[in-house]
Each structure stands twice: as C-alpha cells, then as structure tokens.
Number of protein chains: 2
Amino acid sequence: MESLRPKISRSVIPRLSVYCRALVAYKDSGVISSDKLSELTGRTAAQIRRDIAYFGQFGTPGKGYVVEELKKRILEILGINRIWDVALVGAGNLGAALLSYKGFKEQGFNIAAAFDNDRNKIGKKLRNVPIRHIKELSRVVKNKKIQMAIIAVPAEEAQKVIDTLLKNGVRAILNFAPIRPAGGASTEIINIDLSIELEKLAHFLNRPK
Amino acid sequence: MESLRPKISRSVIPRLSVYCRALVAYKDSGVISSDKLSELTGRTAAQIRRDIAYFGQFGTPGKGYVVEELKKRILEILGINRIWDVALVGAGNLGAALLSYKGFKEQGFNIAAAFDNDRNKIGKKLRNVPIRHIKELSRVVKNKKIQMAIIAVPAEEAQKVIDTLLKNGVRAILNFAPIRPAGGASTEIINIDLSIELEKLAHFLNRPK
DNA sequence: TAGATTGTTAATCGATTAACAATC
DNA sequence: TAGATTGTTAATCGATTAACAATC
C-alpha cells in the first residue's frame with residue numbers, strides 16, 4: 001500500500017499564499033533559495049523547506065527552487081490557478097466594501113452574485129454586480145454552480161443564510177457575522193470577527209508589564 | 001520569589017472574548033458551569049476551565065462560576081471594561097465600512113479620528129466622524145493619546161502609516177493591507193488579509209478527496 | 001572537487017485533552 | 001452525606017526548529 005498522505009499542518013496553507021506572493025513579486029533570476037525566500041517573507045528557511053516538501057520535491061540541492069516552477073506548483077496546490085466565482089450575501093456597508101475590494105479580483109476571486117434583503121438596493125448595481133433579493137439565493141447559487149460565499153449580514157440572519165448556502169452546494173464560506181456557525185463535515189467556514197480582533201489588541205495594551 | 005506569571009497560550013485570549021459574549025447573552029440563574037458554557041460556545045469544558053484558571057480561581061467546585069463575577073473578571077482581563085479610542089487610517093470603501101461597523105461601538109471601541117489623503121473626502125463627515133488629512137495623523141494621535149489604530153490603506157502606503165503611528169504612541173494595530181509589516185517589540189500588529197482567507201477556502205475546495 | 005542548499009529526521013516547543021483529587 | 005463541578009496534573013497531540021546527510 002502507498003503511504004497515506006501525510007497530514008499537513010493547517011497553518012501551512014496560508015503560508016503558501018505568502019510564499020506565492022513573494023514569488024510573484026520576485027523579479028530576479030530564475031532560481032531562489034529557501035534562505036532568500038525567508039528574507040522576503042519573514043518565515044524561517046527551515047519552515048519554508050518543510051512546508052514545500054509536504055507537497056513533493058521541487059528543489060535542487062545546492063541550487064534552490066526554480067521560481068516559475070515553484071510558483072506554478074503552489075498555485076495548483078492552493079487551487080488558485082483559476083477564477084473562482086463567489087457569492088456575496090449582504091450588501092450593506094461591509095458587503096459593499098468587499099464588493100469593491102480590489103485584492104479579490106487580483107487574486108482571481110470574482111464576485112459573481114450579490115444578495116440583500118433591502119428593497120432599496122435590489123435591482124441596483126454595485127461595481128457592475130446586480131444586487132438580487134436574498135430569496136433568489138438558492139436558485140442563483142445552484143444555477144451558477146457557485147461553491148464559495150462571503151457572508152456580511154447581521155448576526156441574526158447569518159445562520160439561516162449559511163444553511164441555505166450549504167443546502168445549495170456552497171461548501172466554503174467566509175463569514176463576517178459574529179456568530180459561531182454550525183457547519184457540516186465536508187464544509188469549511190472561516191470566521192472573521194472584527195470585534196474580537198480589537199479585543200485582542202485591547203488585551204495587549206491592557207497587559208500588566 | 002513569587003512564581004513567574006505562567007505563559008498563557010496566545011489562543012486563550014480570543015476564546016475569552018467568546019466566553020464573555022456567551023455570558024453577556026446568558027440570562028439564566030446566577031451560576032454557570034463549564035459544561036453549560038461549553039454548550040453555549042462550542043469549546044470543551046476542560047478547555048474552558050483551563051483557560052479561566054490561568055487567571056485565578058473564580059469557580060466553586062460543585063457549583064460553577066458566578067456569572068456576573070466571571071463576566072466582570074474577563075472584561076478586566078481583556079481590558080474591555082472601558083471605552084477605547086481608535087484611529088482609522090484610510091476612509092475608502094473598506095475604511096468607510098469599518099467606520100459604520102456597529103459591532104465596534106457595541107464592544108466599546110470608538111473611532112475617534114479618521115484619516116485619508118483624498119482631497120474630496122477631507123473635511124467631510126462619515127458617521128459623524130470628520131475625515132482629516134493624513135498629514136494630521138501624528139498630531140491628532142498624539143493629542144488624543146490614541147493607542148490603537150485600524151489601517152485600511154493600499155499596500156504601498158501601509159508601512160509608512162504604521163511607522164508614523166508607532167512613532168506617535170500607537171502600540172496596537174489592526175492592519176488590513178496585504179503586507180507583512182515590520183513592527184517592534186512592545187507593539188502588536190494583527191494582520192487580516194482577506195485574499196488569503198479566500199485562498200484558504202480555494203485550497204479546501206481544491207483538495208483531492 | 002569544494003561550496004551550497006535541499007529534504008528529512010529527531011528534538012523541542014506549545015497547546016489541547018483526559019482524568020481525577022480536592023472541594024463545595 | 002452524596003452528587004456535582006472545579007482546578008490541576010500528566011498524557012497526548014500538533015507544529016516548529018535545528019541539525020545534517022544527501023545531493024547537485
């Protein structure tokens with residue numbers, strides 16, 4: 001029997017994103033060492049080699065990694081060598097800001113549909129994306145085969161929205177509502193709770209010295 | 001010699017925020033067990049007891065924790081039993097959304113000043129907060145003794161803004177610009193990189209089954 | 001060959017969980 | 001007292017770092 005896939009530390013994945021960006025920005029010769037990449041990303045060289053080695057051997061001892069090759073492989077691993085359609089639920093202040101966020105498009109994330117329940121917004125366009133009524137969420141997500149969503153609705157509505165999304169094939173959610181949502185097995189929900197981030201800062205400032 | 005303060009796991013602090021909210025929402029009797037709190041927060045009872053015990057003994061064996069007491073202590077530990085003034089740098093889409101974010105005020109964070117470099121915005125008010133030119137950043141932050149800031153400016157400007165803030169007494173920063181900023185020792189910088197979050201989701205969807 | 005750098009193993013560090021004696 | 005639940009210790013699990021043999 002082949003060896004089982006080694007379990008990869010969860011924190012490796014976001015670091016791959018960081019390496020990838022450094023590689024995209026790196027305009028020097030065709031080869032880069034873990035040491036140089038360490039300098040560019042602030043992670044240790046040992047960690048970089050370890051992280052990369054989870055996915056195979058792409059380096060050459062004594063030389064380093066071929067930049068284009070490594071970049072391509074990381075893009076494949078992360079699944080960002082393509083465009084992803086994303087549904088945005090909630091077109092209030094935060095939702096509208098996310099719709100305009102340039103970084104998403106740059107990294108290949110396309111907000112393909114936006115939803116709200118505010119009659120005044122429905123039918124209007126934001127950044128060329130029409131705002132639809134939230135009752136159309138199921139239909140549109142299913143039709144467009146959208147697998148990824150961002151949630152920027154009030155806490156009270158978030159769980160209902162999540163349930164609807166999961167029922168219609170969305171399996172990955174970035175949630176800004178301050179709840180601990182119930183997901184499911186083959187489902188990934190990342191929660192960003194902005195107040196909690198500030199509370200971490202408050203604690204830092206508040207610590208006895 | 002007294003025993004040194006035990007090193008507290010970094011991940012304890014955001015969990016305290018979660019416990020705290022559950023306690024605020026908890027309207028039952030005056031006492032709560034780690035088991036009940038576990039049910040409300042989704043963390044294990046053992047972890048909850050462990051987390052709380054880092055800061056002293058507030059529970060009664062056989063009974064549980066007095067809700068009001070525990071809540072008060074957590075607020076103290078987190079340093080959120082007060083209002084914190086926050087500077088917002090960058091009043092674009094994201095910045096404006098953060099200025100309107102209700103969760104901040106609810107949790108005691110007050111955006112006391114906002115800055116941008118767009119002539120069209122300067123002098124206008126957003127949610128009753130006047131937008132100032134970024135060249136006033138040093139002066140205002142120093143005058144108002146602001147210790148906490150949120151950064152929502154483009155990547156190219158972020159490091160410069162951070163340097164200015166640190167030079168003027170701000171020691172805790174929530175940074176939305178997609179850079180790995182250089183901070184300093186007595187400084188806390190939390191980075192939220194929205195594209196990286198979506199890349200984590202992309203990787204999840206892309207994983208071989 | 002000599003020098004450089006990878007990939008990998010073992011050691012270390014840190015966080016979580018399980019178990020239970022102490023306590024009310 | 002009997003039952004319940006804390007606080008704490010030891011065991012487990014997971015992630016990072018250091019070191020170096022293998023390799024170009």
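Predicted model: local features only at pLDDT ≥ 70, side-chain atom pairs only at ≥ 80, totals over all residues.
**Aromatic pairs**

A search over all chains of the whole structure finds 2 aromatic pairs. In chain A, the ring centres of Tyr101(A) and Phe104(A) lie 4.8 Å apart and the ring planes meet at 70°, so this pair is classed as edge-to-face, given that planes over 60 degrees apart fall into that class. Both partners, Tyr101(A) and Phe104(A), are buried. In chain B, Tyr101(B) and Phe104(B) likewise form an edge-to-face aromatic pair, with 4.8 Å from centre to centre and 70° between the planes. For the residues of this second pair the relative accessibility can be given as well: Tyr101(B) has a relative accessible area of 17% and is buried, while Phe104(B) counts as buried at 2%. Both assignments rest on the cut-off that buried means under 20% relative accessible area.

**Charges over rings**

Each chain also holds a contact between an arginine and a tryptophan, listed in the table with the distance from the charged end to the ring centre.

| Charged residue | Ring residue | Distance to ring centre |
|---|---|---|
| Arg82(A) | Trp84(A) | 3.5 Å |
| Arg82(B) | Trp84(B) | 3.5 Å |

In chain A, the charged end of Arg82(A) sits over the ring of Trp84(A), and in chain B the charged end of Arg82(B) is placed over the ring of Trp84(B).

**Sheet pairing**

Chain A contains an open sheet of 3 strands in the order S1-S3-S2, and the pairing is antiparallel. Strand S1 (31–32) and strand S2 (59–60) of chain A are at the edges of this sheet, and because each has a single partner strand, one side of each is left without a neighbour in the sheet. Strand S3 (residues 64–66) of chain A is joined to S1(A) by 2 bridges, with the two strands running antiparallel; within this part of the sheet, Ile32(A) has Tyr65(A) in S3(A) as its bridge partner.

In chain B, 3 strands form an open sheet, again with the order S1-S3-S2 and antiparallel pairing. Its edge strands are strand S1 (31–32) and strand S2 (59–60) of chain B, each of which pairs on one side only. The pairing of S1(B) with strand S3 (residues 64–66) of chain B is antiparallel and extends over 2 bridges, and here Val31(B) stands opposite Val66(B) in S3(B).

Methods. Residues numbered from 1 in each chain as written. Chains lettered and ligands numbered in written order. Heavy atoms only, no water. Phe/Tyr/Trp six-rings, centres within 6.5 Å; stacked < 30°, edge-to-face > 60°. Buried < 20%, exposed > 50% of the residue type's maximum accessible area, 1.4 Å probe, protein only. Lys NZ or Arg CZ within 6 Å of the ring centre and 35° of its normal. Pairing = 2+ DSSP bridges. Helix = DSSP H or I, 4+ residues; strand = E, 2+ residues; numbered from the N terminus.
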